[in-house]
Amino acid sequence: MKKIQDFRVKEYRWLNETGYLLTLYSDLKIEPVLPGNFAEIQVPGTPEVFLRRPISVFDADYENRSITFYIKVAGKGTKKLGELNQGTIVNIIYPLGNSFTVNGSKNVLVVGGGSGIAPFVLLADELKKKNIKTTFLFGARTKKEIVLTREFGRLGKVWVTTEDGSLGEQGLVTQHTVFKDILTFDKIYSCGSDPMMKAVAKIAGENRIDCEVSLENMMACGIGACLCCVTETTSGNKCVCTDGPVFNSKELAWQI
Ligand SMILES: Cc1cc2nc3c(=O)[nH]c(=O)nc-3n(C[C@H](O)[C@H](O)[C@H](O)COP(=O)(O)OP(=O)(O)OC[C@H]3O[C@@H](n4cnc5c(N)ncnc54)[C@H](O)[C@@H]3O)c2cc1C
Ligand code: FES
C-alpha cells in the first residue's frame with residue numbers, strides 16, 4: 001500500500017565521486033516493496049528543490065526497518081540527498097509504480113547502465129528465489145562508473161562494457177559478446193538511458209525474446225496527477241509513474 005512515511009538517515013556508502021548508497025530507517029514497519037517500485041523522496045532543507053525526486057528502491061530490510069537507494073548525483077536534489085547528517089528526517093512516498101514480472105523464465109539477461117542498475121538487486125533476489133539463472137550486463141563510459149559488481153556477482157554472472165575499454169569489453173553494452181548467444185536467454189530486463197533500452201529492445205524483438213524495460217521519464221507528482229511523465233504506447237498514452245515505470249518493450253511506441 002502507498003504510504004507517506006518519515007525515515008531517518010542511517011548511513012551512506014559512497015561508491016565513487018558521484019554515486020552512493022543511502023540507507024534510511026524508520027520507527028514504523030516498512031511497506032512491502034516489489035522489484036521495480038520507486039519512491040518519491042522529499043529533499044530536506046532545500047526549498048529550491050521543491051518537487052520530490054523519483055528514485056528506485058535498491059533494497060529493503062524489513063527486519064531492521066530500513067530501505068536503501070542507489071543514487072547518482074545528477075543535480076541539486078540528488079547532490080543534497082548525499083549530504084545529509086545522520087538522523088535527518090527524510091519523508092518519502094512509496095512504494096510507487098508497477099514492478100517487473102518474474103514468471104516462467106529459465107535464463108535471463110539483465111542489462112543496466114548508470115542509475116539504471118538500481119532496481120536490479122530486488123529483481124535478482126526474486127529471480128534467485130525462483131531458481132532462474134541470471135546474467136548481468138552493465139555498461140558505462142569508464143571503469144570508475146562501474147559499481148556494485150561484487151554485490152551483483154552474488155546473484156549471477158556479471159559482464160561489463162566500458163566505452164573507453166578501461167574495464168570489461170570496450171564499446172556499448174549492445175556490442176558485448178554475450179549478445180552472440182542471445183538465443184540462450186528467454187527474457188531480458190533493462191533499465192538505463194532511452195537509447196540503450198531501445199537498442200536492447202530492438203535486439204530482443206529481432207530475436208523474439210520477451211523484454212521488459214523500466215523507464216526513467218521526468219516526474220513531478222509520481223502518483224498520476226500531473227501527467228508530466230506520459231509515454232506513448234501501442235494502447236495510447238500512459239503515465240510512467242502509475243502504469244509503469246516497467247513496460248513490456250512491445251507496448252512502447254518506440255521508433256527502433
Ligand atoms: C522511476 C524512476 C526511477 C529512478 N531511479 C533512480 C535511481 O534509483 N537512482 C538515481 O540516481 N536516479 C534515479 N532516477 C533519476 C532521478 O530521479 C533524477 O536523476 C533526479 O530526479 C534528478 O534530480 P536532481 O534534483 O538531482 O537534478 P535536477 O536538477 O532536477 O536535474 C539535473 C539533470 O538531470 C536531468 N533529470 C532530471 N530528472 C531526470 C530523470 N527522471 N531522468 C533522467 N534525467 C533526469 C535533468 O534534465 C537535468 O539535466 C529515477 C527516475 C525515475 C523516473
Ligand atoms: S509524475 Fe505526475 S502523473 Fe506521472
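Author: The C-alpha centres of domain 1 and domain 2 lie 24 Å apart. This is a predicted model, in which local features need pLDDT of at least 70 and side-chain atom pairs count only at pLDDT 80 or more, while totals for chains, interfaces and linings use all residues. Residues are numbered from 1 along each chain as its sequence is written, and chains are lettered from A and ligands numbered from 1 in the order in which they are written.

Reader: What makes domain 1 and domain 2 the parts into which the protein is divided?

Author: Domain bounds come from an automatic or database domain assignment. Here they give domain 1 as 3-96 and domain 2 as 107-214.

Reader: How many residues of domain 1 are in contact with domain 2?

Author: Two residues are in contact if their C-beta atoms, placed from the backbone, lie within 7 Å. By that test, 12 residues of domain 1 are in contact with 14 residues of domain 2. On the domain 1 side, six are nonpolar, four polar and two charged. Ala, Val, Leu, Ile, Met, Phe, Trp, Tyr, Cys and Pro count as nonpolar, Asp, Glu, Lys and Arg as charged, and the others, Gly among them, as polar.

Reader: Is Leu51 buried, exposed or partly exposed, and what makes it so?

Author: A residue is buried if 20 or more other C-beta atoms lie within 10 Å of its own, exposed if 12 or fewer, and partly exposed in between, with C-beta atoms placed from the backbone. Leu51 has 16 within 10 Å, so Leu51 is partly exposed. Across the protein, buried residues make up 40% of the 256 residues.

Reader: Which residues come nearest to ligand 1?

Author: A residue is near a molecule if its C-beta atom, placed from the backbone, lies within 6 Å of it. Of the 22 residues around ligand 1, Gly75, Gly77, Thr78, Ser115 and Ala118 come nearest. By class, this shell has 12 nonpolar, six polar and four charged residues.
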